[in-house]
Amino acid sequence: MVKEIDRRIIIGISMIIIAIPYIFPFPLPMKIQQSTRDAWDNMEIVPDGSTILFAIDVGLSSLAEMKGGLVVLGKYFIERQFKIVIVSFYSDGPVIFSSYFEPILNKAGYKLGEDWVNLGYISGVGVAYQSIATDIRSVVQTDYYGNQIDSLPIMKNINDASDFPIVVTIDAYNSVRDFIKYWGTPFGVPIVGFPTGTCYMVYYSDYALGLCEGLTNGVKGIAEFEFITNYPGTATAGIGAITVANLLLIFFVLLGNIIYFRDRSKKVNKI
Amino acid sequence: MSGIIKSREIVLGLTLLCAIIMAVNYYVSVQVISTTASTIVSWGVIISAFSVILGAIITIRFHLGRIQKKRGDWLWSIWLIISIIVVYTIGITFTATSYIYQWIIINVLSGLSETVYSLVGLFAITAAYRSFRIRNTDAGILFAVATIVIIGQNIPIGEMISPVIPAFAKWILDYPNVAANTAVVMAELVVATAYSIRLLIGRERGA
């Protein structure tokens with residue numbers, strides 16, 4: 001008979017089982033969710049070569065889940081020849097940009113100041129979103145590398161929310177909701193979010209109510225986006241592990257309950 | 001003089017003034033008010049930047065106190081202070097865009113952060129195993145709904161089992177979830193408005 005299982009055994013079994021799809025990948029069907037399709041559709045209607053705002057609001061801890069999103073978005077933006085204004089409302093954002101996003105831009109021959117600019121980290125949460133929505137130059141005078149933003153060609157006609165045809169945010173805390181509050185609702189700027197799986201469930205009601213234009217669901221959503229854009233990457237490779245991890249969670253909850261009720265019925269029988 | 005500066009009324013008056021300007025600016029388009037509101041918002045960003053420095057100082061003071069009194073895991077406090085000083089010094093001396101700073105962030109902090117985040121997932125599995133008990137109907141409904149949403153929306157095998165599962169999961173997200181979530185958000189906003197009004201008229205003593 002199964003007894004209460006030690007926590008270390010559960011962790012050990014889980015680690016081994018989650019590693020299997022990475023060692024022996026297996027194909028899984030890829031049905032695109034409507035929210036992912038909407039994210040792509042709304043980016044597709046933005047004319048090629050437009051200047052867009054891209055917010056990197058993930059922490060280093062969320063990179064395991066969101067790295068694929070950074071890479072696929074980088075490749076997609078380059079394909080569409082978007083000029084990109086990058087900003088972070090999360091302190092890790094600039095470092096993540098330099099390490100994972102900038103190399104993609106450099107490889108494609110994107111030039112700092114002409115094709116992209118990194119405004120760096122702006123503290124202040126809601127106030128920061130609001131301030132750059134109304135007047136970027138009131139808060140940011142130099143970019144992350146110390147260049148005067150007025151000297152950069154990309155910033156020539158850019159100063160507030162109405163200068164952007166779309167905002168794309170990769171998000172692990174509350175960026176999508178803050179953009180809706182300070183950019184989407186007052187200025188009518190379309191918001192497309194690439195949040196973590198946990199945040200997706202929180203934001204889903206905003207998407208369903210039409211407050212944001214598109215939303216991807218964590219690794220699965222990024223894998224779907226990789227599929228649509230034809231840039232398979234780490235999310236596509238990791239979807240097997242995510243599937244197994246979710247199934248393990250359900251399995252262990254069921255197992256815990258089976259053991260619990262079996263033990264309880266034994267106690268009742270003894271009495 | 002200091003008594004006047006410290007008086008609660010001045011703080012309240014300034015808060016009220018800023019709040020009125022920001023609220024009026026949202027509904028009325030007047031150049032003077034927009035410029036003032038924009039300046040207030042810029043001040044907010046600057047003040048919050050100072051709060052980051054303040055946070056670091058408070059953290060260091062707290063851990064120095066622990067080290068002095070050799071309280072709890074005080075050895076970890078030493079390690080924390082060393083880490084803060086090293087990263088701050090490198091960041092200020094060589095700037096955040098330097099190779100050495102980036103190397104520390106990517107090869108040390110990133111690795112550690114991702115490891116902790118991944119461990120949380122494994123602990124979530126063990127926590128669910130040990131604590132989630134379907135003792136009543138509510139817990140049963142919760143488990144059933146969670147399972148359907150996980151299989152139908154979070155992983156791509158729902159369609160393989162039956163096309164009904166993703167459709168049902170989407171229905172759960174689109175209707176009960178949106179209705180409940182919207183109600184919660186609206187309640188939060190009403191409470192936030194009430195709290196703000198109490199704060200502005202000086203009735204909220206906890207602030």
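Two residues are in contact if their C-beta atoms, placed from the backbone, lie within 7 Å. This is a predicted model, in which local features need pLDDT of at least 70 and side-chain atom pairs count only at pLDDT 80 or more, while totals for chains, interfaces and linings use all residues. Residues are numbered from 1 along each chain as its sequence is written, and chains are lettered from A, with ligands numbered from 1, in the order in which they are written.

By that contact rule, and leaving aside residues up to four places away in sequence, A:Ile122 touches A:Val87, A:Phe89, A:Ala128, A:Ile132, A:Val139 and A:Val140, and also B:Val45 from the other chain.

Chain B has eight helices and zero strands, where helices (H or I, at least four residues) and strands (E, at least two) are DSSP runs numbered from the N terminus. The radius of gyration of chain B, taken over C-alpha atoms, is 26 Å, well over the 17 Å of the globule rule (2.2 Å times the number of residues to the power 0.38) for 207 residues, so chain B is more spread out than a compact globule.

| Property of chain B | Value |
|---|---|
| Box filled by C-alpha atoms, along the principal axes | roughly 75 × 50 × 35 Å |
| Share of contacts at least 6 apart in sequence that join residues at least 24 apart | 14% |

The contact between the chains takes 53 residues from chain A and 46 residues from chain B. On the side of chain A that touches chain B, the largest share, 14 residues, comes from α9(A).
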